[in-house]
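Before reading this report, please take a moment to look over the sequence and the model. The sections below move from the whole chain to single residues and the pairs they form.

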Amino acid sequence: MTPPAGTKKRRGSRRTGRWAVLACVLSLAGLALVAGQLRRQRDPKALAGRLGEEARILLELGDLEGARLRVERARALERDEPRWTVDLAQVLIRQEDYAGAESLLRAALAEGGGAPSVRVALAKLLLRTERPREARALLAPLVDGEEPIAAWRGRATALRVAGEAAARAGALEDARRLLDRAARDPEPSERVAALVSLSRVCLLLWRFADAEAALRRAEEARPEDVAVALARASLLRARGALVAAERSLRILRTEGPLARRLAAAPLGALLADTGRLAEAGDLARELAAHDALAATHLEVRIALRRGDLAAAQRGGERLTELAPTLPAAHLLRARLALRAADLDAARRSFAEVLRLAPGQAEAAQGLLWLALRRGALDEAEERALGLLEDPRTRPNAVCALLVCARARGGASDALGALSRLTERYPEDRSVRSYALLFRLLGPSPPGEEELAALAADPHLVSDLARLTGAEASGSEVVEAIELLGELVARAPALDSARLVLADIYRGLGRLDLARRTLEGVRGADARRRAGRQLARMALAAGDLAAARRLLAAGQAEHPTDAGDLLLAEVELALGDLDAACARLEALCARQPAEPEFHAARARALLRRGAFAAAEEAFVRAQQLDARRFSAHQGAALPLLAEDWAEARIRLERAWRQTQDPRAAAALGAVLALTGDAPRGLELVDRWRSVAPAAPEGRVAEATLRLACGPGQVLPRPSRAVPLEVFADLRRSTEESAGLSPRRRQELAAFALWVLGLPRLAWRRLARTPPGAPVDAASLWWAARVLRSTGGDLSLRLTLGRQLADRVRSSPWVGLALASLEEAAGEREASLRTLRDLHARFPDRAEVILRLAGRLEAAGEEDEALRLYASLPDEPAALNNRAYLLARRPERRGEALAAARRAVALAPARGELLDTLGWLLHLEGRDAEARGPLERAALLLPTHPQVRAHFGAVLAALGFSERARNNLRTALLLGDFPGRAEAEGLLRRLDGGRGR
């Protein structure tokens, strides 16, 4: 049908109209969009948000300056928004501008009335700069109670940071309570962070079950969280499950770049602590690419593990260069300086820590101790007053204040200071401990009844231990303990104190005093414990017969498994193999599930030659616990039979199951014996990294290097390994084109020695056929292994003479021979050896000092003086010369000059200070003598002559009470030149009363 005329035209018009309307609508929409965009660009809040997003991206890219500029612009747009202040502070922290970040946050708090997010950010910064107490105080208004932050979204963060601050300040229970509250937050990320921190606090409290429960809750919330996995590895390590902890960290390093990076530092620390220093070094190099601080810290740890203090100090310097405003870096540097006895450097580093983190506890105590060490009493007192309010630092502060008061005015001033401290801190245990100290040091020591009352105090033993624990205690505390030892002899109720005193004496190296104290124990139970301590001391002194007698008496009265094990070891050392084997067999029958008893029985059977029974015992020990190194000492059986293939299989299993570096070293030796010297060298080097000072490892390494082929660089000679040993190793390797039969015997002996079986190693070395030529290396091995067995002195003397004949490049073999000759009572032979050494090494200080000392003992003082005078820059020679000259009044001025020079060269050596102080006293200059002698008494608190000299000077200055205490202590410590004069002076002082 044909449409009516005009229809098409109308339809076209309608279509055109619709398109026009649509175009109009779109234009309006576009205009609206443009207008909205323009409004957003002019809207400060939107623009600030966009700048914040850009800043976050730039931060991730490492453009800290660009991020800072954008955050500053955002903050300018929204002055009242705390978010931008916090973000800007974070950027400044990333730039290590801690002072600028702190100033910014504190200004924001002052202006804004304390916005919670700003408080939390400032608290985090305070934690980072080692000020946990300030951080905790800052957050107290937010977290003490449930209501103040109940409506704030960041309440869990505030609770968590407060908990971490409390933990760092030592308030672990408070920390646990705060973190437990934070862990109730519904937000998974906040809850998990709090639970991880809670697990760490539980570890510090030794609550492993609670730490495990916290981590389980965290894993349920976020099983993939890296922080949770790291905390799990820490828990495993704390429990001693090192293999599982390492496995966990290695798995974590396969789960992405972030996890790999975060797991590197803890894995490196674990490897370093277990002796795998090469692997730890690889991780340190990997860390260096993205975290130079963590890498350098790991390098310091590795250097300390190697015993290379100089390298560790260089690492500490790098840390402070990388993070000059980080207190922890300077604190580590201070610790390293103290280990190196560089007190000035330690003082500078501690001062820098306090500049960056005012109030940091360790640095403040370090400076206090150093001030006391220098005798700077005013500085020490000022620092101590600043540390009194912190319970963690109060013990050292109290001690320092009392020492200062006593040094200034004697006992009365110290007692007055103590009275004031007792009123101020009536419940504090440190004040209570020092009250006990000064009662003992006072003019009227407690009598028997008072001692009995003290014995009834359940805290007496811990108070005694506390007295010895304060760094600043010095001779004062040692003096008090020794006087207590004299007093408790009259009070049977103080047996527990006697046992503690014996431990303290042993720690001070005074076994004679420890023995006397233990012999005074009267109670039955305490007598049993004292008997075991006496037996161990007899063992340490090499008196095996006395050790056996004491242990047998103790076992007869009160038998224990530990006592039987120790007694069996003594019987083995005495050569009574039948008795030892019978005792251990009975012990294994009583305790069939204890692997260590089976391993001990196996070792005894090895010594007896019962190899089949020893094999069964070792197998049983492995079945019970294959992770124990002792269970794998059965690898000695194929070594003794020269079945290298079987020994290799057993040692590879031992290394795999225990990861003990000793197993690695033994395996390395066996690998070299089976032709795989390169891998053997790698394993021996692993053990060497744990025991770098062992000369046996140095010689084994040289042997394996030579077995690897020509052109090898050998370790450097040392005192214990002279040049001739390495020369003979090289010569024999070149002559036999490989390992000679003798070198193979030595490697087998090394494997037995490192397995902890030195007597079997000696048996292996003693197989050399009669009349066979013996070189310096063979003699060296024989002498070293025999020494470790405690072999008889005559045989050691014979080997020492043979070795000294072949080793002419180093004086140390001759010096060792002289010591053996003196121990054997051959003093003339010892003097001849020293004279021969001096003829060959006329300029070696160690030879001159030993010869001069021997001549002095023989009464040839003029020759000794001539030898000492040949060492004008050696402190020991100057000191000994001054001491000899002091006996001649006409040469006392010369003696005083030598003593002053000795102290100037070595100001921290107590024996030099003692000589100088005593010479000043002899010259009548007692006020000047007091300083050196007091420092000497602090450095050598158990040296009787030092204490007697100090007492004499105090008496001359009128400090009679202190003089009496020091003289009594000197007489208690033992015999010394001038003992009769000290006794006479004490009698005169006891006849009257002084200050």
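## What counts as a salt bridge

A salt bridge is a side-chain nitrogen of Lys or Arg within 4 Å of a carboxyl oxygen of Asp or Glu. Glu860 lies in the loop between helix H48 (845–857) and helix H49 (861–869), while Arg835 belongs to helix H47 (residues 827–840), so the pair ties together parts that are 25 residues apart in sequence.

Glu860 is partly exposed, with a relative accessibility of 32%, and Arg835 is likewise partly exposed, its relative accessible area being 34%.

## The chain as a whole

This is a predicted model, and its protein chain holds 56 helices and zero strands. Of the 995 residues in the chain, 49% count as buried, and the accessible surface comes to about 45700 Å², of which 53% belongs to carbon and sulfur atoms.

When contacts between residues at least 6 apart in sequence are considered, 53% of them join residues that are at least 24 apart.

## Salt bridges within a helix

In helix H19 (residues 343–356), Glu352 and Arg355 are three residues apart, about one turn of the helix, and they form a salt bridge whose closest N and O atoms are 2.7 Å apart. Arg355 is exposed because its relative accessible area is 54%, and the cut-off for that word is over 50%.

In helix H40, Glu701 and Arg705 are four residues apart, again about one turn of the helix, and the closest N and O atoms of their salt bridge are 2.9 Å apart. Both Glu701 and Arg705 are buried.

Where is Glu696 found? Glu696 sits in helix H40, which covers residues 695–707, and it counts as buried because its relative accessible area is 4%, whereas the cut-off for buried is under 20%.

Leaving aside neighbours within four places in sequence, Glu696 is in contact with Phe750, Trp753, Trp780, Trp781 and Arg784. With Arg784 there is also a polar contact, made between the two side chains at 3.1 Å.

## A network of charged residues

Which residues are linked in a network of salt bridges? The network is made up of Arg548, Asp561, Asp564, Glu571, Asp576, Arg583 and Arg590.

How values were computed:
Residues numbered from 1 in each chain as written. Predicted model: local features only at pLDDT ≥ 70, side-chain atom pairs only at ≥ 80, totals over all residues. Heavy atoms only, no water. Helix = DSSP H or I, 4+ residues; strand = E, 2+ residues; numbered from the N terminus. Buried < 20%, exposed > 50% of the residue type's maximum accessible area, 1.4 Å probe, protein only. Contact = heavy atoms within 4.5 Å. Areas by Shrake-Rupley, 256 points an atom, 1.4 Å probe, with all protein chains shown as cover. Polar contact = N/O pair within 3.5 Å; in protein donor to acceptor, adjacent residues only side chain to side chain.
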